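Q: I have a model open and want to go through a few spots in it. Can you take my questions as they come?

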Amino acid sequence: MTGLNRIAFLHTGAVNIAPFGELAAELLPGITVVNYLDDRIVADLGDPDRTDSVAGRVNDLVRAAAAGGADAVMLTCSSISELAAPAAAEAGIPVLRVDEAMADAAVRAGSRIRVLATLPTTCRPTLALVEERAALVGAHPELSSEVIEGAFAAVSSGDRATHDRLVGEAILRAAAESDVVVLAQASMASAASAVDVDVPVLTSPRLGVERLAAFAA
């Protein structure tokens, strides 16, 4: 790979730093990885007094990455994917969305797409992204969604087992009435491997970093 020498991941949760680091080591050999974290963004998106600050904070972090020599940034949180384009324009470097490749795969996989999320602030932008990617190829999928109650609180308190159980139960429900299941948050990926269903269950981390690797080549 010669196109990029240094990439930055912008996270909204520390839980994603290690998994993305492992994927980068596997799929982006020889490329320096830098992590940026604002672990209050998700909470502040749900706070009317602070929501308006999020776009500026993302812009600031992307500019910091550019100033630090990053050739590209990947937003690892679906809740802020819609901020990628303005942040790229502001900083003058490419800003990729971790969930774009997942949305493309979902559109290819079937016409009934169920989006699962543990937060409403992630569900809305993920649905919008799937609609955007479907429109690009002239597809008109039937979209549905579920916000899984209790799962985010569990993982936030360190109870990964309860989170994965709740997400797994939601996957089973979704698989019974859809062609493909989309897990909106990167932090949900650990639950997918424990569930055996007859439809694809798509997660963003590997698909996103594979697209980043293709971009870097």
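Q: Where does Glu90 sit?
A: Glu90 is in helix H4, which covers residues 84-91. Keep in mind that this is a predicted model.

Q: Is Glu90 buried, exposed or partly exposed?
A: Glu90 is partly exposed, because its relative accessibility is 48% and the exposed class starts over 50%.

Q: What does Glu90 touch, leaving out residues up to four places away in sequence?
A: Asn59 and Arg63.

Q: Switching to Thr12. Which element is that in, or is it a loop?
A: A loop: Thr12 lies between strand S1 (6-11) and helix H1 (17-27).

Q: Buried or exposed, that Thr12?
A: Buried. The relative accessible area of Thr12 is 9%, and the cut-off for buried is under 20%.

Q: What is around Thr12, sequence neighbours within four places aside?
A: Thr12 contacts Leu37, Asp38, Asp39, Ile41 and Val42, and also Cys77 and Ile80.

Q: How many bridges hold S5 and S7?
A: Four, in the parallel sense, between residues 112-117 of S5 and residues 180-183 of S7. Ile113 is opposite Val180, and Leu116 is opposite Leu183.

Q: And S7 to S8, how many bridges there?
A: Two, and these strands also run parallel. Val182 has Leu202 in S8 as its bridge partner.

Q: Which way do the S7 side chains point?
A: Val180 and Val182 point one way, Val181 and Leu183 the other. All of these residues are buried.

Q: Now the whole chain. How many helices and strands?
A: Ten helices and eight strands.

Q: What are the overall dimensions?
A: The C-alpha trace spans about 45 × 35 × 30 Å along its principal axes. The radius of gyration is 17 Å, which agrees with the value near 17 Å for a compact globule of 217 residues.

Q: What share is buried?
A: Of the 217 residues, 52% count as buried.

Q: And how much of the contact set is between residues 24 or more positions apart?
A: Such pairs make up 70% of the contacts that have a separation of 6 or more.

Q: What about the surface and the charges?
A: The chain exposes about 9600 Å², and carbon and sulfur atoms supply 52% of that area. There are 16 positive and 28 negative side chains, and the centres of the two sets are 2 Å apart.

How values were computed. Residues numbered from 1 in each chain as written. Predicted model: local features only at pLDDT ≥ 70, side-chain atom pairs only at ≥ 80, totals over all residues. Heavy atoms only, no water. Rg over C-alpha atoms; globule rule 2.2 N^0.38 Å. Buried < 20%, exposed > 50% of the residue type's maximum accessible area, 1.4 Å probe, protein only. Contact = heavy atoms within 4.5 Å. Areas by Shrake-Rupley, 256 points an atom, 1.4 Å probe, with all protein chains shown as cover. Lys, Arg positive; Asp, Glu negative; His and termini not counted. Charge placed at Lys NZ, Arg CZ, Asp CG, Glu CD. Pairing = 2+ DSSP bridges.
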